[in-house]
Amino acid sequence: MRALVIEDDPTIGSGLRRGLARAGISADWAKDGVSGLEALATTQYGVVLLDLGLPGLSGLDILTSMRRGKDQTPVIVVTARDEVESRISGLDLGADDYIVKPFDVDELAARIRAVLRRRGGHVSTRMECGEVSLDLASHVVSYRGIEIVLSAREFGLVEALAERPGTILSRGQLEEKLYGWGEEVESNAIDALIYSIRKKFDKDIIRNIRGVGWAIPGKLS
Ligand code: CA
């Protein structure tokens with residue numbers, strides 16, 4: 001799962017990213033409202049952390065436009081202590097929760113998990129692909145009777161392959177799915193992740209198609 005942080009303040013933005021990382025989620029970071037909406041239009045996010053006071057479009061404008069356009073992605077509003085009224089408007093407009101600045105990253109991680117669990121009742125957090133099954137809320141992957149909580153990146157890789165059963169994804173496609181904007185990616189990063197996932201389960205969990213990429217078979221064979 002991927003998150004979107006819409007926040008113009010660099011300190012708070014990086015705090016939000018740390019909180020997300022604690023919850024095992026990697027994030028894209030939009031620094032104003034317009035680029036936030038653009039990101040939402042092109043990418044399916046698992047959760048949005050939304051600042052209310054943004055240059056240009058405000059957080060409430062973004063939330064209104066999301067819910068009007070039937071975008072039901074979970075939203076956690078980030079507010080200042082004195083923004084009680086906008087916090088209430090946010091909840092009325094369909095935000096799932098809010099967090100008050102300055103926040104504690106562990107508390108943020110716990111709130112994100114709680115929102116995803118609550119949403120779990122409405123939206124399935126389970127995903128199946130052949131013999132591999134994933135729980136998107138807890139990051140548990142099961143394969144041939146083994147259940148393991150994977151790291152955010154490992155989970156992201158299995159999720160990316162499981163979203164398209166039997167489809168081969170290249171190194172470039174996997175890098176794009178796993179790493180946020182402007183993040184430095186080491187040339188062997190994908191190989192290292194695949195190595196560690198196979199070591200935890202079995203090498204058959206991910207098939208390698210030499211020179212092309214990797215896949216998880218969709219049908220039991
Ligand atoms: Ca702000």
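This is a predicted model: local features need pLDDT of at least 70, side-chain atom pairs count only at pLDDT 80 or more; totals for chains, interfaces and linings use all residues.
View 1. Look here for Met1, Ala23, Ile25, Ile112, Arg113, Leu116, Leu136, Ala137 and His139, the residues that line the largest cavity. Sorted by class, they are 7 nonpolar, 1 polar and 1 charged; Ala, Val, Leu, Ile, Met, Phe, Trp, Tyr, Cys and Pro count as nonpolar, Asp, Glu, Lys and Arg as charged, and the others, Gly among them, as polar. The structure has 1 cavity of 30 Å³ or more, and the largest cavity holds about 40 Å³ of space. A cavity is a set of points, on a 1 Å grid over the protein atoms alone, where a 1.4 Å probe fits but cannot get out, and lining residues have an atom within 4 Å of a point. Points are joined across faces, edges and corners, and the volume is the space filled by probe spheres set on them.

View 2. The centres of domain 1 and domain 2, taken over C-alpha atoms, are 26 Å apart. Their contact (heavy atoms within 4.5 Å) involves 13 residues of domain 1 and 9 residues of domain 2.

**View 3. Helix H8 against H7.** Helix H7 (residues 171-178) packs on helix H8 (residues 189-200) at an angle of about 85 degrees, and their axes lie 10 Å apart. Helices here are DSSP runs (H or I, at least four residues), as are strands (E, at least two), numbered from the N terminus. Axes are lines fitted to C-alpha atoms, for helices over the stretch in contact, with angles from 0 to 180 degrees between N-to-C directions. H7 and H8 are therefore roughly perpendicular, a label for 65 to 115 degrees. On the H7 side, Arg171, Leu174, Glu175 and Leu178 meet Ile190, Asp191 and Leu193 of H8. This contact has 4 nonpolar, no polar and 3 charged residues.

**View 4. Helix H8 against H6.** Helix H6 (residues 152-163) and H8 pack at about 90 degrees, their axes 10 Å apart, so H6 and H8 are roughly perpendicular to each other. Arg153, Glu154, Leu157 and Val158 of H6 meet Ile190, Leu193, Ile194, Ser196, Ile197 and Lys200 of H8. By class, the contact has 6 nonpolar, 1 polar and 3 charged residues.

**View 5. Two loops with backbone features.** Proline 102 sits in the loop between strand E5 (97-101) and helix H5 (105-120), and the peptide bond from lysine 101 to proline 102 is cis, with omega near -5 degrees. Lysine 70, in the loop between helix H3 (59-68) and strand E4 (75-80), has phi near 65 degrees, a positive value in a residue other than glycine.

**Notes.** Residues are numbered from 1 along each chain as its sequence is written, and side-chain values use heavy atoms, without hydrogens and water. Local features need pLDDT of at least 70, side-chain atom pairs count only at pLDDT 80 or more, and totals for chains, interfaces and linings use all residues.

How values were computed
On a 1 Å grid over the protein atoms alone, a cavity is a set of points where a 1.4 Å probe fits but cannot get out, and a pocket is an open set with protein on both sides within 12 Å along at least five of seven lines; lining residues have an atom within 4 Å of a point. Angles under 35 degrees count as roughly parallel, over 145 as roughly antiparallel, 65 to 115 as roughly perpendicular and the rest as oblique. Domain bounds come from an automatic or database domain assignment.
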